[in-house]
2 protein chains.
Amino acid sequence: MTKTISLACGNGGEENNELISKVFYKAFKNEILDKSEDAAIIHNGELAFSTDSFTVSPLFFAGADIGKLAVCGTCNDLAMMGAKPKYLTCSVIIEEGFETRELERIVRSMKKELEINGAIVVSGDTKVVPRGSVDKIFINTSGIGEVIKKGISSNNITKDDVIIINRDVGCHGAAIFVAREGIEMSSSLKSDCESLYPQVKALLDAGIKITAMRDATRGGVSAVLNEWSRQSNVCIEVEEESIPVSDEVKGICEMLGFEAASLANEGTFVLAVNHEDAPRAVEILKTFESCSRATIIAKVTDTHPKKVVLNSSWGTSRFLDTPSGELLPRIC
Amino acid sequence: MTKTISLACGNGGEENNELISKVFYKAFKNEILDKSEDAAIIHNGELAFSTDSFTVSPLFFAGADIGKLAVCGTCNDLAMMGAKPKYLTCSVIIEEGFETRELERIVRSMKKELEINGAIVVSGDTKVVPRGSVDKIFINTSGIGEVIKKGISSNNITKDDVIIINRDVGCHGAAIFVAREGIEMSSSLKSDCESLYPQVKALLDAGIKITAMRDATRGGVSAVLNEWSRQSNVCIEVEEESIPVSDEVKGICEMLGFEAASLANEGTFVLAVNHEDAPRAVEILKTFESCSRATIIAKVTDTHPKKVVLNSSWGTSRFLDTPSGELLPRIC
């Protein structure tokens, strides 16, 4: 039987990792790629370089649109490496017949978000393809950031670190699901999509010792913590009740049968911070409007290396695995 | 009536220019973007940065495939700015059900072409979308090159320069048309898709005074010369018979009703070179297998500023305009 690529291969979870490692990493093998960071560190450690393509459906949803997402996604990958986003490229693939007015609305969103990051678009590409070759519009952004704090890496986490989250999880995944299914909700549920550079800058300006950062996009917090435990050969022990989840997201998770920790985010990130600096880091994060629920969620141990353990308040424990299966396609 | 985006807006010609300037340049306005070069020059002039998305159909065709094209396209944009391609990102959007074997074949092509450029892929992104959301596979590459010769710019062309072309034109456009229409040809017609950095390096190593370079992709040589005449406020006078065109491409052009000079290329570039260095530049180009027909095609004058004039051997003249209309969609 001919092997084909399934939706699960793009979910941010196990199958996605397998496709990436067996096809792309294998062919393109090099030291930088092997580090598997959010952004590549190049040019003597001075610059960070990252790319993302955005295929989200619908294009507009509570809290953001594909334009805001396209700028946040790439700028956040740079910020996660301790870099200030500086230069972006913008490459769009548009379906014939797409409304110019909608494109302008998307581009306005991009412009607004670029300003928050202090970044500019320096190069671009525009393709228009016949009806049916693409669903409405896909956007790729690639970005270069200037590293302001060297040495941040998912490969260096130790028992001296604790794990912090900047806000409640799962809002993006839940908001996309609601928008796509046309569910009427009287709630305030909206995507967490947000540029993270201001939060990162505040932490670095305060001298917080950050070991690693990663935005919990596809595959959510579960995917990040599992990747970190493997990359740094540590056990990450999470206090299950400490992961902040809004009531709206809890409700959607029950409908979907998902764990909130596996839902996608676009403005939620996980930090490994030296335990001495952790309380101060949480305080700094809490000064941001979206981060009132910033908190420590896990400690780093050597109990089960390369594993993430979820401890409940009534004393039970289980492994939190990298999500697998189809999850939600076209979430970002 | 609601304004929508037509296929012509992605043709590399007039409508494409209008969409880019009215929507993207307007919103993202900055000094670097205003230069409208093949790649942005950043980081104190040390680096070039460019992006391209590839949507070509079919994926495999005589002379290349989408993988080779994706590496050549971005590396060539960097080379055109006098930069050595160094770091690429690779972002793929794959349709559910796409064969893994075909993906591996594409990735192998990319790897081979990366080696020719001495470049590596340092970051990537993989999205899988449901059937019907994308036609098979689209690939974005973005690249960073190290500028080895500063000051190359389409805005600096003067009457001291002559215009050289490295080979015969239109092979890529003609090859795609033939592959798409399933035309049986007993000819040797194939895409010119090729990495141009080796040719650029040979010219720079020989100290050739290059004012500007541009690969004649969508919109072909006509689009490049028109853009250059406007950017540098000069008249470019082309000897019509001097533009090299193969018999196969001439035949396809007659079928399509196109000018060979407006067909897309992927390994054909135009150079503005100081007239004193021009003969030597042509000789150097001719040492490359694909460039046996390298030649001077035009002079730079002030007869009709911002215009391209086509002079025939029997003494007639006409303007060569930027191509417009639908041309061939999904050519790259």
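A: Two salt bridges turn up across the interface of domain 1 of chain A and domain 2 of chain A, a salt bridge being a side-chain nitrogen of Lys or Arg within 4 Å of a carboxyl oxygen of Asp or Glu. Glu14(A) pairs up with Arg230(A) in a salt bridge, with 4.0 Å between the closest N and O atoms.

On the domain 1 side, helix H1 (14-28), helix H3 (66-79), strand S5 (83-95) and helix H4 (100-117) of chain A each put in at least two residues; helices (H or I, at least four residues) and strands (E, at least two) are DSSP runs, numbered from the N terminus. H3(A) has the largest share, seven residues.

Keep in mind that this is a predicted model, where local features need pLDDT of at least 70, side-chain atom pairs count only at pLDDT 80 or more, and totals for chains, interfaces and linings use all residues. Residues are numbered from 1 along each chain as written, chains are lettered from A and ligands numbered from 1 in the order written, and side-chain values use heavy atoms, without hydrogens or water.

As for the domains themselves, an automatic or database assignment gives domain 1 (7-147) and domain 2 (161-319) in chain A. Contact (heavy atoms within 4.5 Å) involves 32 residues of domain 1 and 27 residues of domain 2. About 2,200 Å² is buried between them, 54% of it from carbon and sulfur atoms; buried area is the accessible area (1.4 Å probe) that two parts lose on being put together, summed over both.

Now the chains. Chain A and chain B bury about 6,400 Å² between them, with carbon and sulfur atoms giving 69%. Ile5(A), Phe28(A) and Phe49(A) supply 11% of what chain A buries there, more than any other three residues. Each chain brings 75 residues to the contact. The rule finds four salt bridges across this interface, and Asp125(B) forms a salt bridge with Arg218(A), the closest N and O atoms being 2.9 Å apart.
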